[in-house]
Amino acid sequence: MRAASWRSWIAAACAATLFGVGTVARAHFGPYPISLQGVPAPPVPGLTDGPDPIVVDEAKAIALGKALFWDVGVGSDGVACATCHFHAGADARVKNQLAPIGKDPADPGAGFDPDPQGGARGANHGLARADFPFHRTDDPMNPLGQVLWTSDDVVSSSGSFGGAFEAVAARGSLVDACARAADPVFHAGSLGTRRVEPRNAPTVVNAVFNFRNLWDGAANNVFNGSSAWGDRDPDAGVWVRTPEGVEKQRLRLENASLASQALAPPQNDVEMSCNARRFADLGRKLACRRPLETQNVAFDDGVLGPLSRSTPWEARPGLDTTYQALIREAFAAKYWSSEERSAFGAPAAPGAAAYSQLEANFALFFALSIQLYESTLVSDDAPFDRSARDDAGVPIDLSPAAQRGFTLFRTAHCGLCHIGPLFTPAAIVTNADLVASNPEAFGNETFTVPTTRNVVGRTSVVAGPALVDTGFASNGVTRDEWDRGLGGVDPFGNPLSFAEQYLQWLAGNPAGVVDPGVDAVRPCDFEVPIARDVAGARTSYFTQVEGVVPQAQDTTGCFLPTGAWLPAPAAAAAELASPTNTKMRSASVGSFKIPTLRNVELTGPYMHNGGMATLDEVVEFYTRGGNFDPGAKHFGTVFPQVELRHSASARADLVAFLTSLTDERVRFERAPFDHPELRVPHGHAASSSPFAPDLAADEVLWIPAVGAGGRSEPLLPFDAVLDACNGGCSDAVPLFAAAAPPPDDPACPVPEPPGAGLAALAALFGAGYRRRAKIERRPLRPLRSCSPRESSTTPDPSSRSRVVLETSTSPGPASAATRAAAATPMPRGCPPTICTSLVWMPTRTRIPSSATAGSMRAAARTAFAAPSKSARNPSPVVAISRPQKRSIAARIRTLCSWSTRVQA
């Protein structure tokens with residue numbers, strides 16, 4: 001069996017002839033990479049600028065985003081966004097990191113493959129050096145080597161246990177209530193393990209430059225405020241307070257694919273969440289909590305330091321604020337200031353209170369603040385960036401090996417795909433902006449890569465000329481049936497690929513275009529034309545024989561002026577429907593986003609399947625021209641490299657150049673790459689989890705908090721982590737540390753369900769209220785004393801109910817004198833519906849001030865269920881602190897603002 005077909009040899013020969021490989025001229029071949037220093041990220045109009053910006057305090061929004069990114073409370077069971085991106089923006093865990101196949105495979109029932117020695121691999125497997133690479137031949141550099149072992153398994157990131165979502169808690173435990181059970185695929189023995197994503201986690205460092213994010217481009221360039229799908233989502237929108245009330249409005253923020261991407265994992269039951277949890281539920285869970293309430297934050301954190309509770313002498317968890325407070329400071333008030341609840345829907349739990357505007361818009365706050373935080377994670381200070389250059393553009397301050405590797409990077413065609421200062425064509429806007437000022441970065445008189453704002457191009461692939469999505473390619477690392485990549489579809493049935501949409505547009509079906517920019521593609525900027533105004537038939541493009549029309553756009557500065565033509569719609573439709581179609585093809589199936597190479601030394605394992613552990617294995621892969629030869633594989637960029645095959649020193653030089661792209665700030669986690677503490681699930685023990693008896697207990701990898709100055713020991717490359725861990729590396733720490741006490745924030749009430757008198761009772765207990773009364777079988781009548789003009793301490797003669805507020809500094813019954821002295825009037829204007837919920841307690845009850853809302857409700861139920869006794873029984877007493885006393889009035893105001901009827 002051959003690793004690559006004879007076509008790879010033809011590609012190599014053609015490339016050598018076409019591009020002059022093997023000649024003296026090759027030293028000056030094609031584009032050369034340039035520094036990223038001084039290159040701005042693509043602007044997001046309307047986010048922080050303009051007459052009506054969404055974000056009014058960018059610094060607070062960045063702090064909010066950093067806290068949310070690292071907070072384990074975002075997940076349903078202890079998983080943060082950073083759990084999969086804690087190591088140079090990627091994931092370096094080695095245990096329970098294996099998935100049985102890629103995403104959307106042709107055979108979804110595929111199981112785990114045996115290891116290369118025939119041993120069993122599966123859930124909770126501890127990866128070792130011997131597991132890599134996932135495709136092996138008897139001669140790793142030979143394109144015709146015999147395959148010894150290949151696997152469709154994927155090294156990725158373990159995430160959530162999953163389960164059906166039930167509810168969140170706004171106080172107390174960070175673990176969501178879910179119906180969890182052992183997974184049929186991810187289990188070790190009888191115990192369920194955390195499930196693992198079907199693609200390797202790419203780095204978030206420099207991801208702000210990508211036009212689209214995720215391996216298949218599913219994170220749309222346009223952010224719609226509530227999902228990852230941009231204009232594709234017909235129900236997307238945000239709730240905006242206007243003079244007429246609150247209404248849902250469409251939102252379109254361009255160059256915001258990081259915000260789109262941020263919304264996917266927290267709603268994915270493999271990555272972070274229980275199934276069917278909504279962002280409004282997450283907003284309810286987090287709004288009134290301290291950010292990072294169980295995680296230490298360094299006192300000198302580059303972003304969070306001013307809010308940290310830590311000192312130089314003591315590390316403490318949490319920030320000195322709440323998520324709600326940060327949202328109110330960072331975002332325009334029209335997105336959170338409404339006091340309504342009815343308009344925004346309610347949780348699925350029966351009887352739960354409707355969402356607030358802040359909760360309903362939590363996806364907006366979450367996504368945009370994370371985009372702004374991740375926009376600070378720009379790595380532009382590698383040795384490559386700092387080096388001076390000679391007249392030929394070679395960085396002369398690098399080592400001799402790295403300089404030779406720089407030349408090899410260009411002659412081996414690496415720079416045709418990994419192009420520009422980000423080393424990727426996925427940075428469409430940035431690269432297009434730099435062409436005018438740095439044309440040498442995208443080609444010279446020898447060879448030039450078309451670099452424009454076209455989101456679709458046309459090039460030669462193994463199967464022939466085809467349309468491609470800019471920034472995506474097939475390199476033959478896996479079989480198409482293991483993972484369709486860009487060839488997949490969104491939840492609405494639309495193709496992920498822009499090229500597939502462009503085919504529909506060419507064929508006269510504009511409704512097939514669901515993303516902006518597809519219908520604005522300039523065909524004269526294609527590398528290979530799709531039509532030309534010439535006589536005679538051609539197999540690779542349309543001519544006058546089928547019918548061609550000129551492009552509608554201006555032809556100034558065209559890459560290929562003779563290609564400024566399109567097929568007539570009828571000709572395009574006929575070719576698209578033809579079984580012998582050769583001109584209307586796309587190379588989307590099996591294509592994936594071309595990743596940046598910056599910090600690549602630290603971001604293994606490599607490729608979308610994580611099947612390579614070292615840069616040496618990556619170079620071997622490209623030396624032999626890939627693992628497989630799918631039709632979408634790019635011709636002339638992935639083919640056997642004869643010089644690399646026969647020269648170990650050349651391969652070492654290429655790796656030396658790649659390591660020159662590592663920013664030392666990333667290696668040592670110096671600001672802006674510093675971070676809070678993180679406890680990462682890292683495989684499982686043989687005992688049961690506290691989440692459910694049929695789930696396995698977590699082992700934990702402890703990532704300590706790092707301040708702006710960074711860490712003393714560098715981050716390790718993935719292969720070094722494998723060697724150091726040897727399948728393990730767990731720390732003797734629990735997944736959740738002790739939480740910081742909640743902040744004293746009177747503006748942060750816990751929402752309670754409408755009509756739940758016991759919930760109101762619990763809230764009053766928490767504020768320090770004592771009530772006692774004789775239980776009446778008939779409904780209590782409203783107190784006239786709640787009217788604005790009367791004192792609330794004067795009971796209504798027609799009512800048998802009475803309200804008394806008592807405070808005490810210690811547990812136990814308060815004296816009559818204390819009760820009398822502490823009696824405080826209810827606020828004027830309290831609605832009668834509140835007064836009817838205030839009844840006498842029939843028994844003596846003690847509730848500690850540290851009690852949770854749940855225990856308060858349980859005590860209240862017990863009290864109401866107890867037999868009625870003499871009214872002379874002492875009233876229940878709650879010990880409250882001075883800060884709690886200060887919040888009493890605010891708590892009552894909150895209760896008295898309810899519009900729903902509350903009864904005991």
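Reply: Arg290 counts as buried, at 9% relative accessibility (buried means under 20% relative accessible area, exposed over 50%, and partly exposed in between, with a 1.4 Å probe and protein chains only). This is a predicted model, in which local features need pLDDT of at least 70 and side-chain atom pairs count only at pLDDT 80 or more, while totals for chains, interfaces and linings use all residues. Residues are numbered from 1 along each chain as its sequence is written, and side-chain values use heavy atoms, with hydrogens and water left out.

The partner of Arg290 is Asp320: their closest N and O atoms are 3.8 Å apart, and the two form a salt bridge (a side-chain nitrogen of Lys or Arg within 4 Å of a carboxyl oxygen of Asp or Glu). Both residues lie in the loop between α4 (279–286) and α5 (323–330), so the bridge ties together parts that are 30 residues apart in sequence. Helices here are DSSP runs of H or I with at least four residues, strands are runs of E with at least two, and both are numbered from the N terminus. In contrast to Arg290, which is buried, Asp320 is exposed, with 58% relative accessibility.

A second salt bridge joins Asp380 and Arg665, with 3.2 Å between the closest N and O atoms. Asp380 is in the loop between α7 (362–374) and α8 (383–386), and Arg665 is in helix α17 (residues 664–667), so this pair connects parts 285 residues apart in sequence.

Lys95 is buried, with a relative accessible area of 13%, whereas Glu699 is partly exposed, at 22%. The search of the whole structure finds 40 salt bridges.

The surroundings can be described through the chain as a whole. It has 24 helices and 20 strands, and 58% of its 904 residues count as buried. Of the contacts with a separation of 6 or more, 74% are between residues 24 or more positions apart (contact means heavy atoms within 4.5 Å).

Leaving aside neighbours within four places in sequence, Phe165 is in contact with residues including Asp176, Ala177, Arg277 and Asp281. The C-alpha atoms of Phe165 and Ala177 are 6.5 Å apart, although 12 residues separate the two along the chain.
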